[in-house]
Amino acid sequence: MSKLRIGIIGTGGIAHAHLNSYKNVPEVEVVAGADIVPGKAEEFFKRNNMPNAKGFNSKEEMFDNVKLDAVSVCTYNSTHSECAVFALENGLHVLCEKPMSVTLEQSIAMRKAEVKSGKILSIGFQPRYDANWRKIQEIITSGALGKIYYVQTGGGRRSGMPGGNFINKKTAGAGCLADIGCYSLDFAMHSIGYPKPLTVSATAFDYFGKAEFGDAFEVDDFAAAFVRLEGGITLDFRMSWKMNMDTTGDFIFLGTEAGLKIKQPNLNLWGGAWDGPVGEIRLMHDVFGKPTETLIPLEENYGPGLFEKKINAFIDAIINKKPAPIPTSQIVYNQAIIDGIQRSNKLGKEVDVVIEEI
Ligand SMILES: NC(=O)c1ccc[n+]([C@@H]2O[C@H](COP(=O)([O-])OP(=O)(O)OC[C@H]3O[C@@H](n4cnc5c(N)ncnc54)[C@H](O)[C@@H]3O)[C@@H](O)[C@H]2O)c1
């Protein structure tokens, strides 16, 4: 079989992680890249010592000149949708970075293009491959917690404010909410089977961002939300890039038979958004009527890193004609919550979440 030909749209920071992971997959070859900053894609391949890979100044130019099978979309958040839709319409499989997009409308357009094309569109939430996240999901899906009625996301960074494209409304769409909040939402929602969001009441703030960057800071540095989900579940969400607190709390799942408390390993981690490792998993339940706590032994992550596992799963799905490993049918709900949080914060009241069926 000839190698799958991969292109990378957006050759900034995270494109390196995609490139390095693809390099370890024998069935693929990265043959081209495109970035709207003139010369940036060409420079990307020069720096990575890849004289045969071609750099272009737009995705259109790349598609016109190079035959591809799949692309990684590594652009800033606001152009994920246009790039993914364009690639799908041109018959390519797509691995798109997180968050899926910046508005629900954009995510719906991506999902529609995916369904119409019959190609794979997978979204880049690599923490799904963490052994402890998987263990937590195994515990929850086993039914050990009984009926789950409340989930609280925890974590958040005490101090971990990015700059550049991440704080500009036009490029990022939202701040910590979209950048790392989407991870927390994916963990919470995936663990309980991605129920449909129904309503959102939320607030968001920018005190620290404005203090550090002035008017250049156009997004949120803290967000909190109360989300009603189908099936009578409440999701209590909090996320921060910077705050005068070490954590917004533990990640907790409350069920009628047991509760699950998940702690971070280190409260000052940049990965306090739960895009990093798990420090402790504690099951709280009654044994013969006595409140009991069971520490669940932590798992080791074996084999390739999480990012590489994400790339491997995408390629495996293409080659073996499997469904998208991180499906948009779920992640549209993640985006719908982010969208609801922004709308609710703007209006100062609870909003309904209406998601077009595809
Ligand atoms: N999965 C992860 O661990 C992880 C980590 C960091 C960033 N990300 C995500 O990756 C994305 C990119 O982040 P980054 O840190 O690489 O940002 P970056 O700003 O370094 O790179 C983005 C690049 O995309 C280019 N670009 C924007 N629109 C384009 C378009 N229409 N066509 C071609 N190029 C375009 C920009 O010019 C820039 O070079 C973000 O959505 C971010 O959330 C994911």
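The C-alpha centres of domain 1 and domain 2 lie 27 Å apart. The structure is a predicted model, and its domain assignment gives domain 1 as residues 4-126 + 305-326 and domain 2 as residues 130-297 + 336-352.

**Domains**

- Where domain 1 and domain 2 meet, 10 residues of domain 1 and 14 residues of domain 2 make the contact.
- On the side of domain 1 that touches domain 2, the residues comprise 6 nonpolar, 3 polar and 1 charged.

**Ligand**

- The ligand lies between domain 1 and domain 2, because both domains give residues to the shell around the ligand.
- There are 26 residues around the ligand, of which Gly10, Gly12, Gly13, Thr75 and Glu97 come nearest.
- Sorted by class, this shell contains 9 nonpolar, 11 polar and 6 charged residues.

**Helix 1 and helix 11**

- Helix 1 (residues 15-23) and helix 11 (residues 306-319) have axes that come within 9 Å and cross at roughly 65 degrees.
- Helix 1 is therefore roughly perpendicular to helix 11.
- The crossing of helix 1 past helix 11 is right-handed.
- On the side of helix 1, Ala17, His18, Ser21 and Tyr22 take part in the contact, and they meet Phe307, Glu308 and Ile311 of helix 11.
- The residues of this contact between helix 1 and helix 11 are 4 nonpolar, 2 polar and 1 charged.

**Helix 4 and helix 5**

- The axes of helix 4 (residues 80-89) and helix 5 cross at roughly 10 degrees and come within 9 Å.
- This angle makes helix 4 roughly parallel to helix 5.
- Helix 4 contributes Ser81, Ala84, Val85, Leu88 and Glu89 to the contact, while helix 5 contributes Gln106, Ala109, Met110, Ala113, Glu114 and Ser117.
- The contact of helix 4 with helix 5 is made up of 6 nonpolar, 3 polar and 2 charged residues.

**Helix 5 and helix 12**

- Helix 5 (residues 104-117) also packs with helix 12 (residues 328-347), at an angle of about 170 degrees and with the axes 9 Å apart.
- Helix 5 is thus roughly antiparallel to helix 12.
- From helix 5, Leu104, Ser107, Ile108, Met110, Arg111 and Glu114 meet Thr328, Val332, Gln335, Ala336 and Asp339 of helix 12.
- By class, the residues of the contact between helix 5 and helix 12 are 5 nonpolar, 3 polar and 3 charged.
- Met110 and Glu114 of helix 5 take part in the contact with helix 4 and also in the contact with helix 12.

**Backbone features**

- Lys98 and Pro99 are joined by a cis peptide bond, with omega of about -10 degrees.
- Pro99 is placed in the loop between strand 5 (93-96) and helix 5.
- Asn49 is a residue other than glycine with a positive phi, near 55 degrees.
- The loop that holds Asn49 runs between helix 2 (40-47) and strand 3 (54-56).

Key. Residues are numbered from 1 along each chain as its sequence is written. This is a predicted model: local features need pLDDT of at least 70, side-chain atom pairs count only at pLDDT 80 or more; totals for chains, interfaces and linings use all residues. A residue is near a molecule or strand if its C-beta atom, placed from the backbone, lies within 6 Å of it. Ala, Val, Leu, Ile, Met, Phe, Trp, Tyr, Cys and Pro count as nonpolar, Asp, Glu, Lys and Arg as charged, and the others, Gly among them, as polar. Domain bounds come from an automatic or database domain assignment. Axes are lines fitted to C-alpha atoms, for helices over the stretch in contact, and angles run from 0 to 180 degrees between N-to-C directions. Helices (H or I, at least four residues) and strands (E, at least two) are DSSP runs, numbered from the N terminus. Angles under 35 degrees count as roughly parallel, over 145 as roughly antiparallel, 65 to 115 as roughly perpendicular and the rest as oblique. A crossing is left-handed if the near helix is turned anticlockwise from the far one by less than a right angle, and right-handed if clockwise. Two residues are in contact if their C-beta atoms, placed from the backbone, lie within 7 Å.
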